[in-house]
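Welcome! Here is a friendly briefing for anyone opening this structure for the first time. Please take a look at the sequence and the 3D view, then read on.

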Protein chains: 2
Amino acid sequence: MQAPVRLTGSLDPREGWTADRCTIAKALDVVSTRSAFLILREAFYGSTRFDDFAQRVGISEPVTAARLRELVDEGLLEREDYREPGQRTRQRYQLTPKGADLCPALFALMQWGDRWLDEHGGPVELLHRDCGERVTVELRCGAGHEVSPDELDLARRRRADSRH
Amino acid sequence: MQAPVRLTGSLDPREGWTADRCTIAKALDVVSTRSAFLILREAFYGSTRFDDFAQRVGISEPVTAARLRELVDEGLLEREDYREPGQRTRQRYQLTPKGADLCPALFALMQWGDRWLDEHGGPVELLHRDCGERVTVELRCGAGHEVSPDELDLARRRRADSRH
DNA sequence: AGGCTGACTTAGCTTCTGAAAAGTCAGCTA
DNA sequence: TAGCTGACTTTTCAGAAGCTAAGTCAGCCT
């Protein structure tokens, strides 16, 4: 199998540069642990409470507390007080836009696990609510073409292209 | 922010089931460490040799050796001997189809990092070789609709739907 | 024959991730 | 007032992941 991505411009050859601003590495500095990923999974599945996270992820309470604190500090989850009638004030954790935007990464991992690590293609599937069709994570270009890894060029980002 | 994914059928309510066959968790059992992800990044960028992985990822030799061995054992990389004329036999590591299929997960992390962790939108960008347009990782359904996280339904997989 | 290089391994250490078990504390309920 | 529950914290410990520094070993090159 050939290297899927072709380096272009000043990125070629690979020896000529260092990946020190690599945003994969930066992302992994924010969510690196299994427990963080799985807590986010549960947040996508709708969990909001401390005990639910601990139990459904299957991790201990100290780890749950540490991970939730980190995810709140990093801005992926928001902690807020709420109260149901007749109950006392409780805390709940909810995804922020920043946390919710990790959705494709989570489901890309799931899709890979479905394909390569489970004999039945995985226990659950994602469907598009409007049309009921199965949802996949894919690479697609601005012109609408589905892109396979070996059609990718890597280029230094042009400054004006920032997506913000 | 509401829970983005709606649980359907026997998955609702969340208390009624455990995610013990979750393929996100299984995927994380295979590639969990920062060093594993970054070695895969370098493999996508075309690195094949031990020293290159160590140096370009910025990790020590013992870690490089351990991670490469694990990735080979898991079938994400393939180790093979090769020889250039006048040189002695060396080893090189190359992505297998299983490893290459992690591409969307890697670039989904990169895209998230580009959006949320770098003021300039990240140092590099992916382009479609054929048309030059920027490539993104996205959720899309079988009918071709781009799907946002809050339009997702999660359902137990129907047996006949296995993708194999 | 001796040196160099690539590809590792070994030893010793620190830090991080995680578990189990037990304790804390506020505030509603009985 | 006593108990219970949710949401944690504290303590203690094991094991994984990382580092540096040094050693090994094969084989081409001089």
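A residue counts as buried if 20 or more other C-beta atoms lie within 10 Å of its own, as exposed if 12 or fewer do, and as partly exposed in between, with C-beta atoms placed from the backbone. Helices (H or I, at least four residues) and strands (E, at least two) are DSSP runs, numbered from the N terminus. This is a predicted model, in which local features need pLDDT of at least 70 and side-chain atom pairs count only at pLDDT 80 or more, while totals for chains, interfaces and linings use all residues. Residues are numbered from 1 along each chain as its sequence is written, and chains are lettered from A and ligands numbered from 1 in the order in which they are written.

**Helix α2 of chain B**

- α2(B) is mostly covered, with 10 of its 11 residues buried.
- The buried residues of α2(B) are Ser35(B), Ala36(B), Phe37(B), Leu38(B), Ile39(B), Leu40(B), Arg41(B), Glu42(B), Ala43(B) and Phe44(B).
- Leu38(B), a residue of helix α2 of chain B, is buried because 22 other C-beta atoms lie within 10 Å.
- Not counting residues up to four places away in sequence, Leu38(B) touches Ile24(A), Ala25(A) and Val57(B); two residues are in contact if their C-beta atoms, placed from the backbone, lie within 7 Å.
- From Leu38(B) to Val147(B) there are 109 residues in sequence and 29 Å in space, C-alpha to C-alpha.
- After α2(B) comes Gly46(B), with a positive phi near 105 degrees.
- Most residues other than glycine have a negative phi, and most peptide bonds are trans.

**Where the two chains meet**

- Chain A and chain B each bring 88 residues to their contact.
- On the side of chain B that touches chain A, helix α6 (residues 103–116) gives the most, with 13 residues.
- That side of chain B divides into 46 nonpolar, 16 polar and 26 charged residues.
- In these counts, Ala, Val, Leu, Ile, Met, Phe, Trp, Tyr, Cys and Pro are nonpolar, Asp, Glu, Lys and Arg are charged, and the others, Gly among them, are polar.
- The largest nonpolar core has 90 residues, of which Ile24(A), Leu40(A), Leu106(A), Ile24(B), Leu40(B) and Leu106(B) touch the most other members.
- A nonpolar core here is a set of buried Ala, Val, Leu, Ile, Met, Phe, Trp, Tyr and Cys residues joined through C-beta atoms within 7 Å.
- Beyond its neighbours within four places in sequence, Ile24(B) is in contact with residues including Phe37(A), Leu38(A), Leu106(A) and Met110(A).

**The surfaces near the DNA**

- DNA strand C is surrounded by 20 residues, the closest being Ser35(A), Ser60(A), Arg88(A), Ala65(B) and Arg90(B); a residue is near a strand if its C-beta atom, placed from the backbone, lies within 6 Å of it.
- Two or more residues near DNA strand C come from each of α2 (34–44) and α4 (61–73) of chain A, and α3 (50–57), α4 (61–73) and β3 (90–95) of chain B.
- The surface near DNA strand C holds six nonpolar, seven polar and seven charged residues.
- Around DNA strand D there are 21 residues, and Ala65(A), Ser35(B), Ser60(B), Val63(B) and Arg88(B) are the closest.
- For DNA strand D, at least two residues each come from α3 (50–57), α4 and β3 (90–95) of chain A and from α2 (34–44) and α4 of chain B.
- The surface near DNA strand D comprises six nonpolar, eight polar and seven charged residues.

- The axes of α3(B) and α4(B) come within 9 Å and cross at roughly 115 degrees; axes are lines fitted to C-alpha atoms, for helices over the stretch in contact, and angles run from 0 to 180 degrees between N-to-C directions.
- Phe50(B), Phe53(B) and Ala54(B) of α3(B) meet Glu61(B), Thr64(B) and Leu68(B) of α4(B).
- By class, this contact of α3(B) with α4(B) has four nonpolar residues, one polar and one charged.
- In chain A, α3(A) and α4(A) pack at an angle of about 115 degrees, with axes 9 Å apart.

**Two cis peptide bonds**

- Asp12(A) and Pro13(A) are joined by a cis peptide bond, with omega about 5 degrees, and Pro13(A) sits in the loop between β1 (5–7) and α1 (23–30) of chain A.
- A cis peptide bond also joins Asp12(B) and Pro13(B), with omega about 5 degrees.
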